[in-house]
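My entries follow in the order in which I made them.

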Amino acid sequence: MRKEDKSVVISQLAETVKEYGHFYLVDTTAMDAAATSELRRKCFKAEIKLVVVKNSLLHKALLSIEDVDYSPLFDTLKGTTSVMFCRTANVPAKLLKEYKDSVPTLKAAYAEQCFYVGANQLEALATIKSKNELIADIVALLQSPAKNLVSALQSGGNTIHGVLKTIGERAN
């Protein structure tokens, strides 16, 4: 590969990292062509961009990004590396959990501004809540007291109305 081509690939990788925000480094060497094709289809359906990269080019791309220090991931850039880019942090982890025979293997991940290194981090990554899930939880928590208050007022109003009606009927 020519030097000019390498610089283009490095800049494209850096832009993709910035664009998606979350990425997983995965080892897919033990997968045959059919399994790799199936993984690509599942990634496409889950809106995950799967790219096989050269470790040295990914290393240079990560170094070129000044906003974040990606050095905790550099030791995992050995062997064959596939990168799963996503906008929702836990989607690739849930996809990888479907593979019970430990292929593909998680090397590391950068999700929600945190580094996860090693295959043992897969469970932690799968339980990360997305921004939308957290917002929904907060809205539900905020609505709960208001719903309880409205419910209490409505039930109390029916009781008071019943009491007043009964008193009014007795007075007549």
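**Entry 1: Asp-137 and its partner.** I looked up Asp-137 and found a relative accessibility of 32%, so Asp-137 counts as partly exposed (buried means under 20% relative accessible area, exposed over 50%, and partly exposed in between, with a 1.4 Å probe and protein chains only). The side chain of Asp-137 meets that of Lys-129 in a salt bridge, at 2.6 Å from N to O (a salt bridge is a side-chain nitrogen of Lys or Arg within 4 Å of a carboxyl oxygen of Asp or Glu). Lys-129 is itself partly exposed, because its relative accessibility is 41%.

I note for the record that this is a predicted model, in which local features need pLDDT of at least 70 and side-chain atom pairs count only at pLDDT 80 or more, while totals for chains, interfaces and linings use all residues. Residues are numbered from 1 along each chain as its sequence is written, and side-chain values use heavy atoms, with hydrogens and water left out.

**Entry 2: other salt bridges.** I searched the whole structure for such pairs, and the search returned eight salt bridges. One of them joins the side chains of Lys-42 and Glu-98 at 3.3 Å, N to O. Lys-42 lies in helix H2 and Glu-98 in the loop between H4 and E4, so this pair ties together parts that are 56 residues apart in sequence (helices, H or I with at least four residues, and strands, E with at least two, are DSSP runs numbered from the N terminus). I recorded Lys-42 as partly exposed at 27% relative accessibility, and Glu-98 as partly exposed at 45%.

I also looked at Arg-2, whose side chain meets that of Glu-4 in a salt bridge at 4.0 Å, N to O. Arg-2, Glu-4 and Asp-5 are linked in a network of salt bridges, and Arg-2 counts as exposed because its relative accessibility is 53%.

**Entry 3: Arg-40.** Which residues does Arg-40 contact, leaving aside its neighbours within four places in sequence? I found Leu-50 and Val-52, where contact means heavy atoms within 4.5 Å. Arg-40 sits in helix H2, residues 33-45, and its side chain reaches the backbone oxygen of Leu-50 at 3.4 Å. I also checked Val-51, which is eleven residues from Arg-40 in sequence and 9.3 Å from it in space, C-alpha to C-alpha. Arg-40 has a relative accessible area of 38%, so I put it down as partly exposed.

Entry 4: Strand E1 (residues 22-27) runs antiparallel to E4 and is joined to it by five bridges (two strands pair if DSSP finds at least two bridges between them); the bridge partner of Tyr-24 in E4 is Ala-109. E4 also pairs with E5 in the antiparallel sense, over four bridges, and there Tyr-110 stands opposite Phe-115 in E5.

E4 and E5 form a hairpin with two residues between them. Glu-112 is found in the loop between strand E4 (105-111) and strand E5 (114-117), and has a positive phi of about 50° although it is not a glycine. Gln-113, in the loop between E4 and E5, has a positive phi of about 60° and is not a glycine either. Is Gln-113 buried or exposed? Gln-113 is exposed, because its relative accessible area is 60%, whereas Glu-112, at 29% relative accessibility, counts as partly exposed.

Last, I listed contacts of Met-84, leaving aside neighbours within four places in sequence, and they include Tyr-24, Cys-43, Leu-50 and Leu-96.

Terms used:
Polar contact = N/O pair within 3.5 Å; in protein donor to acceptor, adjacent residues only side chain to side chain.
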